[in-house]
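Please read the following note with the model open beside you, and look up each residue as it comes.

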Amino acid sequence: MTPLSPVDQIFLWLEKRQQPMHVGGLHIFSFPDDADAKYMTELAQQLRAYATPQPPFNRRLRQRWGRYYWDTDAQFDLEHHFRHEALPKPGRIRELLAHVSAEHSNLMDRERPMWECHLIEGIRGRRFAVYYKAHHCMLDGVAAMRMCVKSYSFDPTATEMPPIWAISKDAKPAREAQVPTAGDLVLSLSQLVEGASKQIATVPTLIRELGKNLLKARNDSDAGLIFRAPQSILNQRITGSRRFAAQSYALERFKAIGKAFQATVNDVVLAVCGSALRNYLLSRQALPDQPLIAMAPMSIRQDDSDSGNQIAMILANLGTHVADPVRRLALTQASARESKERFRQMTPEEAVNYTALTLAPSGLNLLTGLAPKWQAFNVVISNVPGPDKPLYWNGARLEGMYPVSIPVDYAALNITLVSYRDQLEFGFTACRRTLPSMQRLLDYIEQGIAELEKAAGV
């Protein structure tokens, strides 16, 4: 059996009924031109033929001495993981998003491999959808994107393509599963001690960078971000009910704004999200006087692996306290640049440990709720790069791919987006009760793009 990394185990420890820790994706396809009335039935039959999954989709959890391990599921049942469903009429995107919201609210069974695939028909306009769902301990966003691309094709004529769970990958042959012994526990402890020297070596860098950040927080209220996130309605305890909303926006619009203001696409995305959140909170009469802080995951993956989590986090000032969109973009750009530059000077071990140190108050809140005033960030905003060419699956063209992510206690909204072709695909996942009418953020995103376009003259 293979032990989970400490980061992957955290996603299991954080999970509770009101806080499912799985990620997902909603992929919308258009039918092939020659598809007939039997297309969906035949596609479902084709997928059910792949009853033997490949790693990591054949792995289930085992727990020994408080530690989790991956083990091969010897009783794998595809019917539990693959579902063929139909939307109720009239089959609008509204019904599709409501269906995904309900499915994303459900916890996953830890006694089985923790993933699901929903093939959904009955969507207006000769379209169908696939909703994928996998526990975050199994895949991060970058790994999930790579696996999806592997399961699709840039060739519209390709057929007989296997589903994502049947994609083979170069991996070492799985060894026969063995129950951990007392010797394995000693080995785990020795590995922990062996890695301690690397962790200790990061201490001088952590102290230096933390001191610099605290000094800047004292002297510059706009730039110093550490532990400065204000209290807001986004930062309450959540329920297990989810609301998911999704929308595509032209990537060229973000590029044109970035060119005008010498900013990156990510800078513009953060500023536009800041504008949308400002307008949403104003509509709820709940805008804090201090700027909201976004936690933006940044991949530090240095290989082409498809599993596990290799991420650090930057903190970005969203400028929600200012009405001027240009000044808001400048604040966001400066804070994001500073955080990225800090991590560029660190080793991967230092980056991970610095992230853990600065986000420790939020982690304490997630686990205990004992320090609600220690707010490191208000919202998670994650941008996952995707393919820039159209993808196909058994002749069906992929029209949109929308990430479905994880809100948590004291961070009730997660904004994740994927770049695909010439679009940015936004997915908003929130606690349904904590943030009512969250879907209005779609209109506020458009408004935020338009006001920056006007300021830039593009």
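1. Y410 is buried, with a relative accessible area of 10%, where buried means under 20% relative accessible area, exposed over 50%, and partly exposed in between, with a 1.4 Å probe and protein chains only. This residue has a positive phi of about 70 degrees although it is not a glycine, and Y410 lies in the loop between β13 (396-404) and β14 (413-420). Helices (H or I, at least four residues) and strands (E, at least two) are DSSP runs, numbered from the N terminus.

2. Before going further, please keep in mind that this is a predicted model, in which local features need pLDDT of at least 70 and side-chain atom pairs count only at pLDDT 80 or more, while totals for chains, interfaces and linings use all residues. Residues are numbered from 1 along each chain as its sequence is written, and side-chain values use heavy atoms, with hydrogens and water left out.

3. The bond from P55 to P56 is cis, with omega near 5 degrees, and P56 belongs to the loop between α2 (39-48) and β3 (59-64). Another cis peptide bond joins K89 and P90, with omega about 15 degrees, and P90 is found in the loop between β5 (82-86) and α4 (93-104).

4. How are helix α8 and helix α9 arranged towards each other? Helix α8 (residues 251-261) and helix α9 (residues 265-283) pack at an angle of about 100 degrees, with their axes 8 Å apart; axes are lines fitted to C-alpha atoms, for helices over the stretch in contact, and angles run from 0 to 180 degrees between N-to-C directions. The two helices are therefore roughly perpendicular, a term for angles of 65 to 115 degrees. The contact (heavy atoms within 4.5 Å) is made by L251, F254, K255, I257 and G258 of α8 and by V265, V268, V269 and V272 of α9.

5. Helix α9 has 19 residues and reaches 27 Å from its first C-alpha to its last, close to the 27 Å expected at 1.5 Å a residue, the expected span being 1.5 Å times one less than the number of residues. Because 15 of the 19 residues of α9 are buried, this helix is largely enclosed by the rest of the structure. Just after α9, Q285 takes a positive phi of about 55 degrees.

6. Helix α13 (residues 441-456) has 16 residues that should span 22 Å, and its end C-alpha atoms are 22 Å apart, which agrees. The buried residues of α13 are L441, L442, Y444, I445, G448, I449, L452 and E453. Just after α13, G457 takes a positive phi of about 70 degrees.

7. How many disulfides does the structure hold? The structure holds 0 disulfides, a disulfide being a pair of cysteine sulfur atoms within 2.5 Å. For C117, which is in no disulfide, the nearest cysteine sulfur is that of C148, 9.6 Å away. C117 is buried, with a relative accessible area of 2%, and C431 is buried as well, with a relative accessible area of 0%.

How values were computed. Angles under 35 degrees count as roughly parallel, over 145 as roughly antiparallel, 65 to 115 as roughly perpendicular and the rest as oblique.
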